[in-house]
Amino acid sequence: MKEIPTPTFALSPVLLPRGSLYRSPNPKDDTFHTENQGLEILWAKNLDEVRKAQQLRFMVFADEMGARLNSSIPKHDIDLFDDYCEHLLVIDRGSRRVIGTYRILLPTQAKRLGGFYTDTEFDLTRLRNYRDYMVELGRSCVHPDFRHGGVIMALWGALAEFMQRNKFEIMIGCASIPMLNQGVVTTDLASSIWLNLKKTSLAPINQQVTPRLPLPINEHTENLKAEPPALI
């Protein structure tokens, strides 16, 4: 199995194989188990494991959600960020399938690449002083047969442990919101979510970012109930 690039950031020796940066000092904790739900969570250590995550992403984003993906391998969601990212996987212990995934881009890898994925969607100038402490989360998805909450909780538990161990402070990333409602493209849902978040969760001005392609806001949707997207 072909090994993919090893992350190189100050907290870890560069000669360790992919995935070994995140292991617990206790070897028994290399793989996380959630016994009552039959799940294992681990960091991908080779390209074959990453390919399984990319297949799941294609199934969810393209086949289920209708995203148009340009990929070098059929039925895989692959982009230029993947080789620079760490890939977190949730495995169904019965079938050994990858049923959930997240990818994580570390600050040193982002520098090697020229920026985060989020830089392509937002102007992050006001966050420039935080870049050495930020990690980017993305491409999160869960297999439709396993959307009972346990998979996403397993992913977030492993992410929290990773952040604490490596002393990172900030998570960033992009969330996708459906723009298609009964076959019609509309900004109503996105507008409603934005207007609600603007009231309750807006960051201080010195930490705000701006979209590179502004969303046409429909002010008449302000009182609509904003349902969070099913996938982050």
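Visitor: Why is Lys167 called exposed?

Guide: This is a predicted model, and each value here is computed from it. Lys167 has a relative accessibility of 65%. The cut-off for exposed is over 50%, so Lys167 counts as exposed. Lys167 sits in the loop between α4 and β7 (170–172).

Visitor: What is Phi of Lys167, a residue other than glycine?

Guide: Phi of Lys167 is near 60°, a positive value. Most residues other than glycine have a negative phi. Arg96 also has a positive value, with phi near 65°.

Visitor: Why is Arg96 called partly exposed?

Guide: Arg96 has a relative accessibility of 43%. Partly exposed lies between the 20% limit for buried and the 50% limit for exposed, so Arg96 counts as partly exposed. Arg96 is placed in the loop between β3 and β4. These two strands form a hairpin with five residues between them, and Arg96 is in the turn.

Visitor: How do you know that β3 and β4 pair?

Guide: Pairing needs at least two bridges. Six bridges join strand β3 (residues 86–92) to β4, and the two run antiparallel. In one of these bridges, Glu86 has Ile104 of β4 as its partner.

Visitor: How do you know that β4 and β6 pair?

Guide: The requirement is again at least two bridges. β4 and strand β6 (residues 134–142) have five, in the antiparallel sense. Ile104 has Leu137 of β6 as its bridge partner.

Visitor: What makes β4 mostly covered?

Guide: A residue is buried when its relative accessible area is under 20%. In strand β4 (residues 98–105), eight of eight residues are buried.

Visitor: Why is Arg103 called buried?

Guide: Arg103 has 5% relative accessibility. The limit is under 20%, so Arg103 counts as buried. Arg103 belongs to strand β4. Beyond its neighbours within four places in sequence, Arg103 is in contact with a list of residues that includes Arg57, Tyr117, Glu136 and Arg139.

Visitor: What makes the approach of Arg103 to Asp82 a polar contact?

Guide: The cut-off is a pair of N or O atoms within 3.5 Å. The side chains of Arg103 and Asp82 come to 2.7 Å, and the pair counts as a polar contact.

Visitor: Why is the pair of Tyr102 and Trp156 called edge-to-face?

Guide: A search of the whole structure finds four aromatic pairs. In this one, the ring centres are 5.9 Å apart and the planes stand at 85°. Rings pair with centres within 6.5 Å, and planes over 60 degrees apart count as edge-to-face, so the pair of Tyr102 and Trp156 is edge-to-face. Tyr102 lies in strand β4 and Trp156 in helix α4 (residues 150–166), so the pair ties together parts that are 54 residues apart in sequence.

Visitor: Which of these counts as buried, Tyr102 or Trp156?

Guide: Tyr102, at 2% relative accessibility, counts as buried. Trp156, at 34%, counts as partly exposed.

Visitor: What makes the pair of Phe162 and Phe168 tilted?

Guide: The centres are 5.9 Å apart and the angle between the planes is 35°. Stacked needs under 30 degrees and edge-to-face over 60, so the rest count as tilted. Phe162 and Phe168 are both buried. Together with Trp43, they form one aromatic cluster.

Visitor: How do you know that the span of helix α1 agrees with its number of residues?

Guide: At 1.5 Å a residue, the 18 residues of helix α1 (residues 47–64) should span 26 Å. The end C-alpha atoms are 24 Å apart, which agrees. At the start of α1, a side-chain oxygen of Asn46 comes within 3.2 Å of the backbone nitrogen of Asp48. Just after α1, Gly66 has a positive phi of about 80°.

Visitor: Why is Phe61 called buried?

Guide: Phe61 has a relative accessible area of 14%. The limit is under 20%, so Phe61 is buried. Phe61 is part of helix α1, whose buried residues pack against β3, β4 and β6. Among the residues that Phe61 touches, not counting those up to four places away in sequence, are Gly66, Asp77 and Arg139. Phe61 and Asp77 are 16 residues apart in sequence, with their C-alpha atoms 8.2 Å apart in space.

Note on methods: Residues are numbered from 1 along each chain as its sequence is written. This is a predicted model: local features need pLDDT of at least 70, side-chain atom pairs count only at pLDDT 80 or more; totals for chains, interfaces and linings use all residues. Side-chain values use heavy atoms; hydrogens and water are left out. Buried means under 20% relative accessible area, exposed over 50%, partly exposed in between (1.4 Å probe, protein chains only). Helices (H or I, at least four residues) and strands (E, at least two) are DSSP runs, numbered from the N terminus. The expected span of a helix is 1.5 Å times one less than its number of residues. Contact means heavy atoms within 4.5 Å. A polar contact is a pair of N or O atoms within 3.5 Å; within protein, one must be able to donate a hydrogen and the other to accept it, and residues adjacent in sequence count only if both atoms are side-chain atoms. Rings of Phe, Tyr and Trp (its six-membered ring) pair if their centres lie within 6.5 Å; planes under 30 degrees apart count as stacked, over 60 as edge-to-face and the rest as tilted.
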